[in-house]
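Please keep the sequence and the structure in view while reading.

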Amino acid sequence: MVELVDLSVYVEEGQPVFPGNTRTQFFVTGTHEESGYTVEKRLGEETETTRRKLQAKEDGAAREHPLVRTLVMSEHGPTHVDALSHVDPTNDGSIDRLPLERFYGDAVGIDVSDVPPEEFIEIEDIRSALHEGGLSLGEGDALTIHTGHRKATYDVDDPTQRYAYLQEYTGLSKDAAYWLAEQGVKNIGIDSPSIDHSSAGETGRFPAHDMCAEHGVLNMENMANLD
């Protein structure tokens, strides 16, 4: 029996979104009741469809039921892949131009949840996690990095938790990022807003993204269930 694990986060209002990007929002743009009334008005009679659409209202329901919603979200809001054109504006590798082969294949998952948010993920942390799991990296592998950050801080209702999710997380050091490129890793995923350390916003230094730009490595951010 194959076990499938969803590595993407929920798409929901109030979710932490990288500063500067549009917040995720849902709008109801049409209801069953509105549709039912409109059709009955046009036809001048009830049909099985309109009866079903209006039944709840006729039974006394106070609210109407969504038929169509509009979703507004940033392409860097929930779980996403940073295209090569995102890390290097001179690169034509936008998501729609990248071959599907770049998005599936063998992967190695490591646990570095013992690295605190204020520190960087170093080469030795990765080597130790690989050794502990009896794993090795090969050319073309994807690497998922479980830091425990999402489980520890993610919340859509508590602003303090939401800010912590966006501002206090570990990430790859420059040495670790370029070491992964040397191992042939082609895609890196993490359960936080960025594969770079949260301090990058203040220092302006994004060594992991720089490595991706130089070596054509993709990265997946805001992942879930990497444990």
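Helices (H or I, at least four residues) and strands (E, at least two) are DSSP runs, numbered from the N terminus. This is a predicted model, in which local features need pLDDT of at least 70 and side-chain atom pairs count only at pLDDT 80 or more, while totals for chains, interfaces and linings use all residues. Residues are numbered from 1 along each chain as its sequence is written, and side-chain values use heavy atoms, with hydrogens and water left out.

**The sheet**

Two strands are taken to pair if DSSP finds at least two bridges between them. On that basis, five strands form an open sheet in the order S3-S7-S6-S5-S4, and the pairing is mixed. Because S3 and strand S4 (107-111) stand at the edges with a single partner strand each, one side of each is left without a neighbour in the sheet. From one strand to the next the twist averages 20°, where angles run from 0 to 180 degrees between N-to-C directions and axes are lines fitted to C-alpha atoms, for helices over the stretch in contact. The table sets out the pairings.

| Strand pair | Sense | Bridges |
|---|---|---|
| S3 (residues 80-82) and S7 | antiparallel | three |
| S6 (residues 187-190) and S7 | parallel | three |
| S5 (residues 142-146) and S6 | parallel | four |
| S4 and S5 | parallel | five |

Ala142, which is found in strand S5, is buried at a relative accessible area of 14%. Leaving aside neighbours within four places in sequence, Ala142 is in contact (heavy atoms within 4.5 Å) with Asp106, Ala107, Val108 and Asn187. Ala142 and Lys186 are 44 residues apart in sequence, yet their C-alpha atoms are 5.7 Å apart in space.

Ser194 lies in the loop between S6 and helix H8 (200-203) and is buried, with a relative accessible area of 4%. Its side chain reaches the backbone nitrogen of Asp196 at 2.9 Å. When neighbours within four places in sequence are left aside, the contacts of Ser194 are Tyr169, Thr170, His209 and Glu221.

**Helices**

Two packed helices are described by the angle between their axes and the distance between the axes. Helix H4 (residues 123-132) and helix H7 (residues 174-182) pack at an angle of about 50°, with their axes 8 Å apart, and this makes H4 oblique to H7; angles under 35 degrees count as roughly parallel, over 145 as roughly antiparallel, 65 to 115 as roughly perpendicular and the rest as oblique. On the H4 side Ile123, Ile126, Arg127 and Leu130 meet Asp175, Ala176, Trp179 and Leu180 of H7.

In helix H6 (residues 159-167), the buried residues are Arg162, Ala164, Tyr165 and Leu166, and these pack against helix H5 (149-153).

**Two asparagines after S7**

Most residues other than glycine have a negative phi, and most peptide bonds are trans. Asn222, although not a glycine, has a positive phi of about 60°; this residue is found in the segment after S7. Is Asn222 buried or exposed? Asn222 counts as buried, at 5% relative accessibility. Asn225, also a residue other than glycine, has a positive phi near 60° and lies in the segment after S7, but Asn225 is partly exposed, with a relative accessible area of 42%.

How values were computed
Buried < 20%, exposed > 50% of the residue type's maximum accessible area, 1.4 Å probe, protein only. Polar contact = N/O pair within 3.5 Å; in protein donor to acceptor, adjacent residues only side chain to side chain.
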